[in-house]
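The entries below are in the order in which I made them.

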Amino acid sequence: MARNSFVIFGISLLFFSLIAPSLLSTSFAEVGLYNTVFEVCTGNKQVQSPVLQISSDSEIKKVDLGKKLNSQTCVNTTNLIHAIEPNTITAKLTNSKVNVTITLLEIDLVNATPSITIDNVTSTEGNSGTSDFVFTVTRSNNINDISVNYATADNTASAASDYVAKPITTLNFAAGGPLTQTVTVSVNGDTTVEPNETFFVNLSSCVGCAIADSQGIGTITNDDSSTTNAMIAGFRSSEYGNDNQWGHDQSNPSYWINVAQQMSSKFPGSAPGGVLVVGELDGAPGTTTSTFMPFPKPFGTYPNVTFGTTDAIEPLLTAYDNAGLKVYLQVESADADIPMLMDLIMNRYKLHPSVMGFGVDVEWYHQKQYPDGRPLTDSEVNSWATKVTTYNPNYSLMVKHWDWDYLSNARPSNVLFLTDSEQLGSLSNATSEYIAWIDHFGSAQVGFQIGYPSDMSWWGNLSDPASSIINPVIAARPNANIGAVYWVDFSVLKVFPDN
């Protein structure tokens with residue numbers, strides 16, 4: 001609670017007529033001080049709801065001065081005040097034989113010029129029509145008439161499609177009236193799966209007030225169902241994908257868009273997409289604890305993470321946005337903390353509509369200590385699956401290994417369990433391997449990363465390797481929850497030549 005010194009204006013006669021007789025008889029009567037003006041002499045301030053304690057040699061009396069006392073002028077009545085301390089006034093009444101101490105017990109000093117703020121609103125958009133986003137504009141007191149302007153502005157949401165713009169409009173607050181008013185913005189409903197979007201309601205030109213918070217943020221949360229059970233068909237790409245004869249790196253998005261579209265055309269009802277490796281081991285397998293992020297280091301400390309000088313991922317995602325692809329952003333984490341990596345990557349790229357979630361290649365999880373990666377716990381999978389939805393409620397988590405024992409027994413509904421098994425020996429062995437993978441995970445979503453060079457001896461003879469490998473699996477388990485089929489970048493040129 002704020003404290004300050006004050007002086008008393010116009011009180012001498014009041015003390016004579018009301019207080020002095022009682023003091024001389026050492027007994028207080030009820031003191032009617034509700035119209036007495038108390039002034040604080042430190043700038044443009046106002047006394048709000050003060051309580052005084054008046055004491056003499058024999059009795060103590062508390063006096064509530066009312067809810068509000070205003071004054072426009074500070075007058076120092078030195079003939080009455082002998083000493084002013086921060087919380088106490090010692091006064092001696094003229095012609096009185098009794099010393100009276102008036103002590104300030106409770107006081108709240110507020111700016112006479114009111115401040116004004118606006119809150120934030122988060123809500124869903126609905127599937128049709130409009131939804132009302134109601135912002136509350138609040139002033140700190142209602143002493144005087146004030147007015148303030150407001151208007152909407154785009155951020156990631158667009159007035160052309162996402163909400164109905166508000167032109168500059170004036171809110172008028174009357175003296176003695178309510179402390180709050182509302183601003184309603186209509187948000188357009190749709191059925192498009194998209195990231196959360198935001199727009200602003202900006203305050204300006206306050207007359208008789210000071211703007212303490214000038215911007216309300218409207219967050220439109222996506223409430224549309226993604227095609228969780230629709231298969232994504234496409235590619236796995238990395239910067240080191242061209243390390244062998246038939247491989248390709250990920251720097252040419254037009255090539256990978258073409259691969260995704262060709263893959264999707266092989267599986268009716270699927271959508272084009274891929275796995276984009278963002279975090280790579282920073283060093284040789286089995287020797288490093290660090291992962292490399294191909295973008296500049298943001299402010300902060302990030303153990304076991306190194307960074308590039310330019311952003312190599314942003315132009316890829318922009319191209320995939322425009323092509324309508326859906327991609328996981330995958331890390332080879334080494335000893336870097338997964339939630340930290342998730343924050344680094346998803347906060348940077350979550351506004352791209354092509355992003356569908358975050359992926360962990362478990363083979364490289366604490367790989368220096370564990371040659372095939374450290375097996376995940378149920379707690380890790382559950383917590384990561386929950387965390388990824390904090391960036392977008394429709395995001396999924398992808399975890400990958402060739403051995404299902406490394407992927408825990410947790411089965412969150414938004415997790416894709418992806419196998420990258422290789423050296424399978426034959427098409428029939430591959431079919432059996434993938435059926436067993438489906439059966440192990442039951443109703444959970446599963447996926448397959450196919451086309452490794454180690455198996456080219458048998459799939460290289462197939463006229464259409466991707467469909468020849470996966471269609472027998474679909475036929476054997478027609479009700480399986482197959483979420484993805486990705487052709488790996490190490491052999492992609494063999495099946496999808498770069499034209």
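**Entry 1: the nonpolar cores.** I noted at the outset that this is a predicted model. I then asked which residues of the largest nonpolar core touch the most other members. They are Tyr320, Leu329, Leu341, Ile345, Phe358, Phe448 and Trp487, in a core of 77 residues. Helix α4, residues 338-349, gives the most to this core, with eight residues. I recorded a general point beside this: in soluble globular proteins, nonpolar side chains tend to be buried together.

I next examined isoleucine 345. Setting aside residues up to four places away in sequence, I found that isoleucine 345 touches Val278, Met293, Phe295, Leu329, Val331 and Phe358. Another core lies apart from the largest one; this other core has 22 residues, including Val137, Phe173, Val187 and Ile220.

**Entry 2: the open sheet.** I asked in what order the five strands of the open sheet lie. The order is β10-β17-β15-β12-β13, and the pairing is mixed. The edge strands, β10 (121-124) and β13, each pair on one side only.

Strand β15 (residues 197-207) pairs with strand β17 (residues 215-221) in the antiparallel sense, over six bridges. Here glutamate 197 stands opposite isoleucine 220 in β17. Strands β10 and β17, by contrast, run parallel and are joined by four bridges. Threonine 124 stands opposite threonine 221 in β17. I also noted that five of the seven residues of β17 are buried, so this strand is largely enclosed by the rest of the structure.

**Entry 3: aspartate 162.** I located aspartate 162 in the loop between β12 (146-154) and β13 (169-173). Is aspartate 162 buried or exposed? Aspartate 162 is buried, yet has no salt bridge. The nearest side chain of opposite charge belongs to lysine 326, 14 Å away. Leaving out neighbours within four places in sequence, I listed its contacts as Thr156, Ala157, Val187, Asn188, Glu197 and Ile220. Of these, Val187 and Ile220 are also among the members of the 22-residue core.

**Entry 4: lysine 350.** Lysine 350 is placed in the loop between α4 and β23 (355-361). With a relative accessible area of 27%, lysine 350 is partly exposed. I asked how many residues separate lysine 350 from proline 195 in sequence. The two are 155 residues apart in sequence, and 7.4 Å apart in space from C-alpha to C-alpha. Not counting residues up to four places away in sequence, lysine 350 touches Pro195, Tyr391 and Tyr395.

**Entry 5: aspartate 361.** I found aspartate 361 in strand β23. Its relative accessibility is 2%, and because buried means under 20%, aspartate 361 counts as buried. Residues up to four places away in sequence aside, aspartate 361 touches Gln330, Val331, Lys400 and Asp420. Val331 is also one of the residues that isoleucine 345 touches.

Key
Residues are numbered from 1 along each chain as its sequence is written. This is a predicted model: local features need pLDDT of at least 70, side-chain atom pairs count only at pLDDT 80 or more; totals for chains, interfaces and linings use all residues. Side-chain values use heavy atoms; hydrogens and water are left out. A nonpolar core is a set of buried Ala, Val, Leu, Ile, Met, Phe, Trp, Tyr and Cys residues joined through side-chain atoms within 4.5 Å. Buried means under 20% relative accessible area, exposed over 50%, partly exposed in between (1.4 Å probe, protein chains only). Helices (H or I, at least four residues) and strands (E, at least two) are DSSP runs, numbered from the N terminus. Contact means heavy atoms within 4.5 Å. Lys and Arg count as positive and Asp and Glu as negative; His and the chain ends are not counted. A salt bridge is a side-chain nitrogen of Lys or Arg within 4 Å of a carboxyl oxygen of Asp or Glu. Two strands pair if DSSP finds at least two bridges between them.
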